[in-house]
Amino acid sequence: MTSETITADAAGTWKLGDLTVNRLGLGAMRLTGSAAFHHGTPSDRQRSIAVLRKAVELGVDHIDTAAFYFSSLRSANELINTALAPYPDDLVVAAKVGPFRDYTGEWGTSARPEDLRGHVEENLRQLGRDHLDLVYLRRRMEQDSIAEHFAALAELREAGLIRHLGISGVKPRHLAEAQAIAPVVSVQNRYALDHPDELLRICGEQGIAYVPFYAVAGTAGEQGATTNHDDEVLSVARAHGASPAQVRIAWTLHQGPHVLAIPGTGNPDHLVDNVAAGAIRLTDDELTRLDSSHTKAG
């Protein structure tokens, strides 16, 4: 398939609250290095800036980031600020709060409810913005209830620091818990061919955006895109003249009109290919074959 002329609108659109975005966005995690967080080697700064600017040129209007996305030399938020400020009016920047990494890169104790304003303000400072379009409460420490944390973010929404709220790393009971406090426009959970999640269906039924992470990485997780592709993925990729990663992105988008893809990369060529995956139309037979491997994984 020809990638260069394909833009993000090929994937269609969805609304995050009152904000319409193309369903093919960009995750900022891989802008900082060859693997997430402190894994791998730091990225080339100018190349990462080029990725961000190329993404906007290709119609990407939804970028997912966090203050804890940094390597030993690079900060995703600083790169976004440098590359894109002053920000396009239609660009939606989503950030996650809750987890914390110290300056050495080690994970610390996740935020208490009273800490979340500081987390939000740190993202605002790094991004050079006066509000965040979407903030996810990222449940990392397996707490049973998110009510106090989500209520703290709801207060910041009322104060104008946040436009819309989402939750991440959660189970169905947490979605119900959050909805009793304030509107939830998006759920971001781990989901891939080899990692199902029941919240995909629940969000679809309720008209809530579902944003998978590690959809391309699969079992490789923080290390980056998986190289472990089953025969069906490889067969479908050959049929479309596409890469296995592109098939994984296309399959993700085919899971429902409410599903948004945010594949991450620090490589301009991979970015072009990721955006082009939004134009791949899988047949019913191909979806059935891919779903069979998905069912086995579940």
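How close do the axes of α3 and helix α4 come, and at what angle do they cross? The views below come from a predicted model, in which local features need pLDDT of at least 70, side-chain atom pairs count only at pLDDT 80 or more, and totals for chains, interfaces and linings use all residues. Residues are numbered from 1 along each chain as its sequence is written, and side-chain values use heavy atoms, with hydrogens and water left out.

**View 1. The crossing of α3 and α4.** The axes of α3 and helix α4 (residues 147-158) come within 9 Å and cross at roughly 50°; helices here are DSSP runs of H or I with at least four residues, strands are runs of E with at least two, and both are numbered from the N terminus. The axes are lines fitted to C-alpha atoms, for helices over the stretch in contact, and the angles run from 0 to 180 degrees between N-to-C directions. That angle makes α3 oblique to α4, given that angles under 35 degrees count as roughly parallel, over 145 as roughly antiparallel, 65 to 115 as roughly perpendicular and the rest as oblique. Leu116, Arg117 and Val120 of α3 meet His149, Ala152, Leu153 and Leu156 of α4, where contact means heavy atoms within 4.5 Å. By class, this contact of α3 with α4 has five nonpolar, one polar and one charged residues (Ala, Val, Leu, Ile, Met, Phe, Trp, Tyr, Cys and Pro count as nonpolar, Asp, Glu, Lys and Arg as charged, and the others, Gly among them, as polar).

**View 2. The contact of α1 with α9.** The axes of α1 and helix α9 (residues 268-276) come within 9 Å and cross at roughly 25°, which makes α1 roughly parallel to α9. On the α1 side the contact is made by Arg47, Val51, Lys54 and Ala55, and on the α9 side by Pro268, Leu271 and Val272. These residues of the contact of α1 with α9 divide into five nonpolar, no polar and two charged.

**View 3. The contact of α5 with α6.** Helix α5 (residues 172-179) and helix α6 (residues 199-206) have axes that come within 10 Å and cross at roughly 35°. Pro172, Leu175 and Gln179 of α5 make this contact with Leu199, Ile202 and Gln206 of α6, and the residues of the contact of α5 with α6 divide into four nonpolar, two polar and no charged.

**View 4. The buried side of α2.** In helix α2 (residues 76-84) the buried residues are Ala76, Asn77, Leu79, Ile80, Ala83 and Leu84, where buried means under 20% relative accessible area, exposed over 50%, and partly exposed in between, with a 1.4 Å probe and protein chains only. They cover an arc of only 160° around the axis, which puts them on the same side of α2; the arc is that of the directions from the helix axis to the C-beta atoms. What covers these buried residues of α2 includes α1 (45-57), β4 (62-66) and α3 (116-127).

View 5. Nine of the 10 residues of helix α8 (residues 244-253) are buried, so α8 is largely enclosed by the rest of the structure. The buried residues of α8 include Arg248, Trp251 and Thr252.

View 6. Ala154 lies in helix α4 and, at 9% relative accessibility, counts as buried. The C-alpha atoms of Ala154 and Ala182 are 28 residues apart along the chain and are separated by 6.3 Å. Not counting residues up to four places away in sequence, Ala154 touches Leu165, Ile181 and Ala182. Pro183 is found in the loop between α5 and β8 (186-188) and is partly exposed, with a relative accessible area of 48%. With residues up to four places away in sequence again not counted, Pro183 touches Phe150, Arg157 and Leu165.

**View 7. Two backbone details in loops.** Most residues other than glycine have a negative phi, and most peptide bonds are trans. A cis peptide bond, with omega about -5°, joins Ala85 and Pro86, and Pro86 has its place in the loop between α2 and β5 (92-97). Phi of Tyr214 is near 60°, a positive value in a residue other than glycine, and Tyr214 has its place in the loop between β9 (209-210) and α7 (231-240).
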